[in-house]
Amino acid sequence: MTEPLLVDRTDAVVTLTLNRPTAMNSLDVALKEALRDTLAELESDRSCRAVVLAGAGGSFSAGQDLREHVQTLQAAGGDPLHTVSAHYNPIAARLANLPKPVVAAVRGMAAGAGASLAFLADFRIGGPRTKFLMAFAGVGLAADTGASWTLPRLVGHAKAVELLMLAEPVGAEEAARLGLLTRLVADDEQVLPAAQELAARLAAGPTVAYGAIKRQLSIADAGTLADALAAEAQAQSICGGTTDHKAATMAFVNKQKPVFEGR
């Protein structure tokens with residue numbers, strides 16, 4: 001049986017590949033559970049210092065597997081969108097709060113929950129064929145997998161309304177202009193290598209500080225100045241006690257290049 005999620009480790013970078021290429025990496029229960037559980041494991045895995053999220057074949061992810069979803073809709077009783085609380089919400093929370101950098105290699109289509117997954121990454125690398133589609137309204141649904149939270153932060157409230165309600169595709173160049181892509185490479189075949197190269201650079205950096213920065217921004221986005229200042233004080237207290245901070249400070253004073261160990 002083909003594994004729905006491929007896990008590849010290269011040094012301190014873990015690449016998670018959504019592996020249903022014949023279905024445009026649409027998200028069925030098996031894939032969602034594998035992604036949810038693997039992210040939970042990586043959260044406390046000290047050997048993993050950066051994560052790449054990618055899709056097999058020519059697409060990133062078409063979102064929810066609608067063929068599977070039809071069967072759920074046709075089944076009697078229950079909550080037809082139980083998958084939101086059981087799968088999508090935990091996945092979104094894990095990705096957003098993962099205390100290490102996440103880079104999405106967005107080759108080809110990223111639609112619906114697939115686009116939402118990409119938006120939860122800290123960095124998104126795309127190529128000429130990259131396309132985002134907030135497809136939810138097209139099937140009579142609102143946003144999920146964190147898109148109502150990430151999208152306004154990336155493109156602003158008004159543009160988020162437009163993308164979610166009109167459900168029109170956004171091509172690569174427009175995505176880069178809007179900030180949906182961090183970087184646009186010239187060749188689709190270079191999307192994954194570029195994402196892994198960036199992840200390797202991040203993995204060699206002060207990953208404790210990166211995790212603290214992610215927490216700071218999350219708090220500051222939704223809070224007051226007082227909330228942000230409190231979060232900064234807590235973060236600096238944590239980072240200030242790390243081996244990385246002490247060693248990097250000494251390296252700076254001695255005009256040497258710092259070596260970060262993520263602790």
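Leu133 touches Met109, Ala110, Ala111, Gly112, Ala115, Ala167, Glu168 and Pro169, leaving aside residues up to four places away in sequence. You can find Leu133 in strand 7, which covers residues 131–133. Keep in mind as you look around that this is a predicted model. From Leu133 to Tyr210 there are 77 residues in sequence, and their C-alpha atoms are 29 Å apart in space.

Now step back to the whole chain. Its secondary structure comes to 11 helices and 9 strands. Along the principal axes, the C-alpha atoms fill a box of roughly 65 × 40 × 35 Å. How does the radius of gyration of the chain fit with that of a compact globule? A compact globule of 263 residues would have a value near 18 Å, and the chain has 19 Å, so the two agree.

The chain is divided into two domains, domain 1 (5–204) and domain 2 (207–254). Their centres, taken over C-alpha atoms, are separated by 27 Å. Where the domains meet, 13 residues of domain 1 are in contact with 8 residues of domain 2. Between them the two domains bury about 750 Å², and 50% of this area is on carbon and sulfur atoms. Which three residues supply more than any other three of the area that domain 1 buries against domain 2? They are Arg49, Pro99 and Arg153, with 42% of that area.

On the side of domain 1 that touches domain 2, helix 3 (82–97), helix 5 (147–155) and helix 8 (191–203) each supply at least two residues. By class, that side of domain 1 has 9 nonpolar, no polar and 4 charged residues.

Side chains of opposite charge can pair when their charged atoms come close. In the whole structure, a search finds 11 salt bridges. Two examples to look for are listed here.

| Salt bridge | Distance, N to O |
|---|---|
| Asp122 and Lys214 | 3.0 Å |
| Arg9 and Asp45 | 2.8 Å |

Why does the pair of Arg9 and Asp45 tie together separate parts of the sequence? Arg9 lies in strand 1 (residues 5–10), while Asp45 lies in the loop between helix 1 (29–43) and strand 3 (50–55), so the pair links parts that are 36 residues apart in sequence.

Note on methods: Residues are numbered from 1 along each chain as its sequence is written. This is a predicted model: local features need pLDDT of at least 70, side-chain atom pairs count only at pLDDT 80 or more; totals for chains, interfaces and linings use all residues. Side-chain values use heavy atoms; hydrogens and water are left out. Domain bounds come from an automatic or database domain assignment. Contact means heavy atoms within 4.5 Å. Buried area is the accessible area (1.4 Å probe) that two parts lose on being put together, summed over both. A salt bridge is a side-chain nitrogen of Lys or Arg within 4 Å of a carboxyl oxygen of Asp or Glu. Helices (H or I, at least four residues) and strands (E, at least two) are DSSP runs, numbered from the N terminus. Ala, Val, Leu, Ile, Met, Phe, Trp, Tyr, Cys and Pro count as nonpolar, Asp, Glu, Lys and Arg as charged, and the others, Gly among them, as polar. The radius of gyration is taken over C-alpha atoms; the globule rule is 2.2 Å times the number of residues to the power 0.38.
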